[in-house]
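Visitor: I would like to learn how to read a few features of a protein model. Could we go through them one at a time?

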Amino acid sequence: LIPFSVGKDVFRPLGKSRQELVSELGIDEDVIDGKVIIGSFQRDTQGVDLMTPKWQKNPELIVQVTKHLPKDGFVLFLAGPRRHYVVKRCQEEDLPFVYVGDLRYIARGEDDYPQNILDQRKMNLLYNLSDIYLVSSKSEGGPKAVLEAAFAKTLVLSTKVGLAPDMLHADMLYDADHPEVAARIIQRYMDDPHTFDNQLQHSVDRTYEAFESERIKRAYEEVLNF
């Protein structure tokens with residue numbers, strides 16, 4: 001196991017209140033007040049076609065999971081370029097969401113790459129503000145978000161894809177064919193935010209272990225001597 005590099009010095013807990021974070025991000029605090037914030041910062045579509053979802057990222061699953069949740073209990077936190085598909089679906093299903101970026105490109109059906117790319121510092125603010133990060137992918141070289149979220153000490157709920165099973169507690173994995181299972185896990189968090197404290201610590205510990213420099217050095221030596 002040799003994880004690809006992420007900015008572990010950038011992605012970290014900031015110890016800031018919700019009020020401080022929303023102020024820095026320019027978000028209306030009333031929109032998230034009393035809500036569980038579900039983060040999703042992936043890219044949904046290719047630039048050639050801004051409405052056909054990438055099968056690998058499987059953004060429709062985000063919609064299907066959140067459709068099982070009470071609308072007054074959560075807000076979907078979206079960021080990054082080419083989120084046209086999931087924004088449209090949220091609007092169609094009347095799902096509560098906040099898009100961090102310039103929504104005008106999406107409203108006009110225009111490509112927002114690279115305009116809506118956020119720097120790592122702002123991405124860390126997003127992870128810190130999110131209660132749960134939701135991964136919906138069917139195929140991944142990562143997901144990079146699993147590593148970034150762990151360094152920021154943000155809980156991740158993921159499909160059994162890529163490196164997610166290596167880093168996350170088994171309780172935080174779900175099958176892509178069963179969005180209702182993911183919804184039940186999120187509902188448990190909504191009922192008691194401390195339900196998954198141990199599972200979060202598991203992912204943090206596993207990620208720090210994976211990035212330990214001597215362990216990575218030994219892993220590369222094993223590959224080169226294979």
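Visitor: Which residue with a positive phi follows α7?

Guide: This is a predicted model, and in it lysine 153 comes after α7 with a positive phi, near 60°.

Visitor: How many of the residues of helix α7 are buried?

Guide: Helix α7 spans residues 144–151, and seven of its eight residues are buried, so the helix is mostly covered. The buried ones are Ala145, Val146, Leu147, Glu148, Ala149, Ala150 and Phe151.

Visitor: What covers the buried residues of α7?

Guide: The cover includes the helices α6 (120–129), α8 (164–167) and α10 (197–210), together with the strands β4 (132–134) and β5 (155–159).

Visitor: How are two packed helices described?

Guide: One gives the angle between their axes and the distance between the axes. Here, helix α3 (residues 60–67) packs with helix α4 (residues 84–93) at an angle of about 30°, and their axes are 9 Å apart. Angles under 35 degrees count as roughly parallel, which is why α3 is called roughly parallel to α4. The crossing of α3 past α4 is right-handed.

Visitor: Which residues make the contact?

Guide: From α3 come Glu60, Ile62, Val63, Gln64 and Lys67, and from α4 come Tyr85, Val86, Arg89 and Glu93. By type, the residues of this contact are four nonpolar, one polar and four charged.

Visitor: Why do residues three or four places apart in an α-helix point the same way?

Guide: An α-helix has 3.6 residues a turn, so residues at that spacing point the same way. For a case of a side chain reaching back within a helix, take threonine 66, which is found in α3. Its side chain reaches the backbone oxygen of isoleucine 62 at 2.9 Å.

Visitor: Is threonine 66 buried or exposed?

Guide: Threonine 66 has a relative accessible area of 0%, so it is buried. Leaving aside neighbours within four places in sequence, threonine 66 is in contact with Ile38, Phe74, Leu76 and Leu95.

Visitor: What is the relative accessibility of glutamate 20?

Guide: Glutamate 20, in helix α1 (residues 18–25), has a relative accessibility of 43%, so it counts as partly exposed. A polar atom of the side chain of glutamate 20 lies 2.8 Å from the backbone nitrogen of serine 17.

Visitor: How far apart are glutamate 20 and leucine 129 in sequence and in space?

Guide: They are 109 residues apart in sequence, and 9.6 Å apart in space, taken from C-alpha to C-alpha.

Conventions: Residues are numbered from 1 along each chain as its sequence is written. This is a predicted model: local features need pLDDT of at least 70, side-chain atom pairs count only at pLDDT 80 or more; totals for chains, interfaces and linings use all residues. Side-chain values use heavy atoms; hydrogens and water are left out. Axes are lines fitted to C-alpha atoms, for helices over the stretch in contact, and angles run from 0 to 180 degrees between N-to-C directions. Helices (H or I, at least four residues) and strands (E, at least two) are DSSP runs, numbered from the N terminus. Angles under 35 degrees count as roughly parallel, over 145 as roughly antiparallel, 65 to 115 as roughly perpendicular and the rest as oblique. A crossing is left-handed if the near helix is turned anticlockwise from the far one by less than a right angle, and right-handed if clockwise. Contact means heavy atoms within 4.5 Å. Ala, Val, Leu, Ile, Met, Phe, Trp, Tyr, Cys and Pro count as nonpolar, Asp, Glu, Lys and Arg as charged, and the others, Gly among them, as polar. Buried means under 20% relative accessible area, exposed over 50%, partly exposed in between (1.4 Å probe, protein chains only). A polar contact is a pair of N or O atoms within 3.5 Å; within protein, one must be able to donate a hydrogen and the other to accept it, and residues adjacent in sequence count only if both atoms are side-chain atoms.
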